[in-house]
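Me: Please go through this model with me, one question at a time.

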Amino acid sequence: MAAMTTPSLAVELAPTAKRNLPLANPVMVASGTFGYGVEYAKVFDVQRLGAIVTKTTTLAPRRGNLPTRIAETPSGMLNSIGLQNVGVAALIRDMAPVYAAWRVPVIASILGSTVGEYAEVAARLEGVPGIAALELNISSPNAQRGGMEFGQDPETAAAVTLGVVRATTLPVIVKLTPNVADPRVVARAVVEAGAHALCVGNTLQAMAIDIRSRRPVIAATFAGLSGPALKPVALRQVYQVAGAVDVPIIGCGGIANATDAIEFLMAGATAVQVGTATFTNPLAPIEILEGIERFCREQGLADIREIIGAARAAP
Ligand SMILES: Cc1cc2nc3c(=O)[nH]c(=O)nc-3n(C[C@H](O)[C@H](O)[C@H](O)COP(=O)(O)O)c2cc1C
């Protein structure tokens, strides 16, 4: 009768943190693709999601890059938004009170231009009702290291993680960059520094050229590739990282339907984030959630956790 029972979709993202991060289901929305969540609340019941991740928020508000900031590519898109955001004070003042009344956990994505600034943003969010956890966006260029991303260097990534873990009692998720040869190196470094969970991962560095103007399409020259084109790369990185660390992993990159999401779970992810897919179908996260539930019923699963890492087990 297993197929008749309602499968449990609940997962825990931060079992080792001072405060845990229980999710009613593993479907989250990715930072920067869902605004501050309140915009989509008019489109569907966002509280059905496992968790919402805010647009990456910095200490001061930012205007972002000049246009052109986005471009379409085969099976994906390029973006170089440049971290346009309202700043942490506005997040606390305007958004957090709304989140405090929601049952869905809201995770603040944060970023600093120095290690100290990351810790400062984290400290500002400490004890703010409505903020359930922090996700560190370490894919920004580090001016002190010649523009290299914070997340490309294990020592810098670990220093950011340690700084934030010391500044907060919230669970800390570190969002890794895929722009490295082997994601396991930074993954191990940030887990050792205290990360409670990892998100694998962000956009892949890319570009496009307009052959008429003979110039890069994107004003900032380089941009991040997201969408289905990214999925096989992200899936490979989740599989690798899941074999290297013991903390929960959130899979992110090109997830557009329930099959994609289940692949990430089977590669070892405890949850998934849906990003670009919501631009073509705002209901994608909910349809993915319903598809996962349907799959569990079809397969006679009592608990979603039965398939986490299933593709890793020896046949
Ligand atoms: C327009 C756009 C804006 C984004 N902004 C952020 C951001 O502010 N912070 C962040 O960590 N990731 C940001 N991302 C990356 C996404 O969260 C996600 O990691 C990436 O797009 C891969 O997932 P996807 O293929 O499902 O979109 C952004 C992506 C897009 C397309």
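This is a predicted model: local features need pLDDT of at least 70, side-chain atom pairs count only at pLDDT 80 or more; totals for chains, interfaces and linings use all residues.

Me: In what order do the strands of the closed barrel run?


Reply: The barrel is closed and has eight strands.

Me: Which residue in β11 stands opposite L136?

Reply: Strand β8 covers residues 133–137 and strand β11 covers residues 172–176. The two run parallel and are joined by four bridges. L136 has as its opposite residue in β11 V174.

Me: Helix α8 packs on the sheet; what angle does its direction make with that of β3?

Reply: Helix α2 (residues 115–125) lies across β7 (106–110) and β8, and runs at about 155 degrees to β7. Helix α8 (residues 284–298) touches β3 (27–29) and β18 (271–274). The direction of α8 makes with that of β3 an angle of about 170 degrees.

Me: Which strands stand at the edges of the open sheet?

Reply: The open sheet has four strands in the order β5-β6-β16-β13, with antiparallel pairing. Its twist averages 35 degrees from one strand to the next. An edge strand here has a single partner strand, so one side of it is left without a neighbour in the sheet. The strands in that position are β5 (70–73) and β13 (204–206).

Me: Which residue in β16 is the bridge partner of L78?

Reply: Strand β6 (residues 76–79) pairs with strand β16 (residues 223–226) in the antiparallel sense, over three bridges. The bridge partner of L78 in β16 is L225.

Me: How many residues of the shell around the ligand are polar?

Reply: The ligand is surrounded by 21 residues, and the closest are S31, T56, G227, G254 and T276. Of the shell residues, four are nonpolar and two are charged. The number of polar ones is 15.

Me: How far is a nitrogen atom of the ligand from an N or O atom in the side chain of T56?

Reply: The cut-off for a polar contact is 3.5 Å between N or O atoms. An oxygen atom of the ligand lies 3.2 Å from a backbone N or O atom of G201, and a polar side-chain atom of N202 lies 3.4 Å from an oxygen atom of the ligand. For the side chain of T56 and a ligand nitrogen atom, the distance is 2.6 Å.

Me: What percentage of the ligand's accessible area does the protein cover?

Reply: On its own, the ligand has 600 Å² of accessible area.

Technical notes:
Residues are numbered from 1 along each chain as its sequence is written. Side-chain values use heavy atoms; hydrogens and water are left out. A residue is near a molecule or strand if one of its heavy atoms lies within 4 Å of it. A polar contact is a pair of N or O atoms within 3.5 Å; within protein, one must be able to donate a hydrogen and the other to accept it, and residues adjacent in sequence count only if both atoms are side-chain atoms. Accessible areas come from the Shrake-Rupley method with a 1.4 Å probe; for residues, only the protein chains shown count as cover. Ala, Val, Leu, Ile, Met, Phe, Trp, Tyr, Cys and Pro count as nonpolar, Asp, Glu, Lys and Arg as charged, and the others, Gly among them, as polar. Two strands pair if DSSP finds at least two bridges between them. Contact means heavy atoms within 4.5 Å. Axes are lines fitted to C-alpha atoms, for helices over the stretch in contact, and angles run from 0 to 180 degrees between N-to-C directions.
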